[in-house]
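Okay, thanks for coming, everyone. Have a look at the screen and we'll start with a single residue.

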Amino acid sequence: MLEVRQLTFAYPEQSEPWCFDFQVPPGQCLAITGASGAGKSTLLSLLAGFLRPASGSIRWRGEALESLPPAERPVTSVFQEHNLFEHLDVHTNIALGLHPGKKLSAGQHREIDAGLARVGLPGFGKRMPGELSGGQRQRVALLRSTLRKQPLLLLDEPLTGLDDQAQAVMRTLLLEQKAAGVTLILASHHEEDRQVLADRNWNL
Amino acid sequence: MAAAIILLTLSGLSALLWQAPVLEVAELWQSRYLRGVVHFSIWQALLSVILSLLVALPVARALAQLRVFPGRSLLLRLMELSLVMPTIVAVSGLISVYGRQGWLTVWVQDWLPALGWNLYGINGIVLAHVFFNGPLAARILLQALEAVPQPQQRLASQLGLSSWWRWRALEWPAIRAVLPGLGALIFTLCFTSFAIVMTLGGGPSATTLEVAIYQALRFEFDFGRAALLAMVQLLICGSLWWGVLRKGLNTDLAPQRTFAQHQLFVTASRTSRLLYGLLLAGFVVFMLLPLLAVVTRGLPGLWSTEVFAPGSALLDATLRSLAIALPAGGVAVLVALLLLAAGHRSHRWFTRTSEAAGYLPLMVPPLVLGTGLFLLLRPQLGASNEGLLLVTVINGMMALPFVMQVLRGPLHSLDTPSRNLADQLGILGWYRWRWLHWPRMRRPLALGMAYGIGLSLGDFGVIALFGTPGKPTLPMLLYQQLGSYQIHAAAATGLWLVLLLLTVFAVFNLLGWSGSQRPRLFPLTPIPEPRHA
């Protein structure tokens, strides 16, 4: 269970702070909608630890997260873009998600190759991100987040800007994750995303 | 690290002040010699700045107007050369062209005997300064001109602005911003110029402070006078840079490595294009003649085998030069990295302190720093190797402002999404350096290394102070050969020094590429070029 209690945050020039208060049961998907600037991305950044809240608490299975650094939180994020390090190849990009210094066992290397084949990108390990299409890049990012095996998946408009086919592939992958028990927080203004994935809708 | 640099500078300066009891400030305006030296230093520097800018402005304008012609990028690269070209080599080239027996001099004396051209004295000093700083200034001004936003340039060509209005509306505002920093840079370089004045200066009437300090230290052993002169020099350079930095420095000290990509339709009329072309041609001849002289006169000398025989003077000097320059490059890069890293992640005032510390070597000329340390460590120094160690450190400091500029952009180029991602994946500390910074930094690092090594290889000022004539570095050897009229040997040494420099740059360029980065992928995934380099 993810419990967010009275979590407040304001940017310096903002007069009235945001206040978030909600909970999500394990294995469910909460979809967040709202106009741009309503605080969707801010909320996801707070959960991931990129921003520090002014007050309030974030608990996952009873454990307080709000004071942990990003790397120690049981979360993984997929953004709309900039999910990959442009100067590193696909395999390295994924491998750095499994170990921050790329110290992997042979089994983990095989796991990455198998994963690439599963998301329809067999043998793409040596490609550079700049050579991939938007949909392919998002599949790599999603593959990395699934291989990290974190129980909380934060999705910030992950399908925006992709063509229909790529969106369909990504939705299937996300449904797999949900079925495997991963908790999803999805910020999206796509009606279809919410219908397919979300158990609950929340309009900010 | 910033503290260490400031400490090093302060200890040098306090050693100077510690000599203060002996110094007689009144001497400064009572002694005709000293008055003359100060006056001449400022006068030749001012003249050099004005003439350099007068050469640079039309050249930069011409290059900004003529955007496409064969050899343009080669010309731009050539203009960067003056940043690392050893002064003493360029001087030997200038002597071959403009000296007593020079190519041009002979010709001029035939046609215009009334001119009475003499390279030695203020003529040669200013000529050499313009030769060095004109191209550099033109390159930096061109950068400012090319930075004018494209829509504005399009608008100007659509309106068909006349040359004068183009200048007023577009070019002058762009140039005005970089002019103070550029002027200060050239002034400092000319004001503290050493090798050029040593070789082309003639007697007491054409001596700068820098040379006077050297003479006081090495020949007259008058430390009080050296301290006094160093303080005067520091006062002038320090207040100049303080003024410039206080207003915020937005001048690149070194040209960027990337050239502007966009190509605009040339709007200049046919006649003005012709004029620009002639201007550029003249400029190229001005730049190339001395280099050509170095090459053609040096080649026969290098051809003979005994030059490189084991134990020959040239080989000896080469090894000594490399022993000083290679570590100096390392010092420069390491200190620059530490300064930049410290400046990046801390408080505002701390950032400014450590960045300003990087400019300190410009404010406190190396010879002044050297003088202080010389006085401080004098008892221990003799013909020992510790002197050379000190030369390495000071050489490294000299390169600091330029190396920092090469490294600053790429080191801070990690964007927010990448930073967040790295935070989440736990790529911190060493891992972050290894996987995120190192791949982007290796080329700038290699370039910074090459700058550091290059500047130290060509250094003649600091080594003249600490070195011993019996154990010369390459620039010292060249100076000795020039002084004893061994023209052929000098030409060979000069060419050899240039070849060595080019090798250093080529090797580090290769090092920047090798490894996992395959150049084949370059067009698809550009590694960010240094923004300020």
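Let's begin with A:Thr42, which counts as buried because its relative accessibility is 6%. By buried I mean under 20% relative accessible area, exposed is over 50%, and partly exposed is in between, using a 1.4 Å probe and protein chains only. A:Thr42 sits in helix α1 of chain A, which covers residues 40-48. Helices here are DSSP runs of H or I with at least four residues, strands are runs of E with at least two, and both are numbered from the N terminus.

Which residues does A:Thr42 touch, if we don't count those up to four places away in sequence? They're A:Phe9, A:Tyr11, A:Trp18 and A:Leu51. A contact, whenever I say it, means heavy atoms within 4.5 Å.

A quick word on ground rules. This is a predicted model, so bear in mind that local features need pLDDT of at least 70 and side-chain atom pairs count only at pLDDT 80 or more, while totals for chains, interfaces and linings use all residues. Residues are numbered from 1 along each chain as its sequence is written, chains are lettered from A and ligands numbered from 1 in the order in which they are written, and side-chain values use heavy atoms, with hydrogens and water left out.

Now, zooming out to chain A. It has six helices and nine strands. Its radius of gyration is 17 Å, close to the 17 Å from the globule rule for 204 residues, so chain A is as compact as a globular protein of that length. That radius is taken over C-alpha atoms, and the rule is 2.2 Å times the number of residues to the power 0.38. Along the principal axes, the C-alpha atoms fill a box of roughly 50 × 35 × 35 Å.

How much of chain A is buried? Of its 204 residues, 55%. And if you take contacts in chain A with a separation of 6 or more, 67% of them come from residues 24 or more positions apart. The accessible surface of chain A is about 8,800 Å², with 49% of that on carbon and sulfur atoms; areas come from the Shrake-Rupley method with a 1.4 Å probe, and for residues only the protein chains shown count as cover.

On to chain B, which has 22 helices and zero strands. Of its 533 residues, 54% are buried. For contacts in chain B between residues at least 6 apart in sequence, 81% join residues at least 24 apart. Its accessible surface comes to about 24,000 Å², and carbon and sulfur atoms account for 67% of that.

So how do the two chains meet? On the chain A side 29 residues are in contact with 20 residues of chain B. Together the chains bury about 2,200 Å², and 66% of it is on carbon and sulfur atoms. In chain A, the residues that lose the most area to chain B are A:Phe85, A:His87 and A:Pro100, together 29% of what that side buries. Buried area, by the way, is the accessible area (1.4 Å probe) that two parts lose on being put together, summed over both.

Next, have a look at helix α2 of chain A, residues 90-98. How many of its nine residues are buried? Nine of the nine, so to speak a mostly covered helix. Among them are A:Val90, A:Ile94 and A:Leu98. The buried residues of α2(A) pack against α3 (106-118) and α4 (134-147) in chain A, and also against α18 (416-425) and α19 (429-457) of chain B.

Let's finish with some loops. Most residues other than glycine have a negative phi. A:Lys102, in the loop between α2 and α3 of chain A, has a positive phi, near 60°. A:Lys102 is partly exposed, at 24% relative accessibility. A:Glu157 also has a positive phi, near 50°, and lies in the loop between β7 (152-156) and α5 (164-179). Is A:Glu157 buried or exposed? Buried, at 8% relative accessibility.

A:Asp199 is in the loop between α6 (191-197) and β9 (200-203) of chain A, and is partly exposed at 43%. Leaving aside neighbours within four places in sequence, A:Asp199 contacts A:Gly27, A:Gln28, A:Cys29 and A:Lys178.

Last one: A:Arg61, in the loop between β4 (55-60) and β5 (63-64), is exposed, with a relative accessible area of 57%. A:Arg61 and A:Glu3 are 58 residues apart in sequence but 8.2 Å apart in space, C-alpha to C-alpha.
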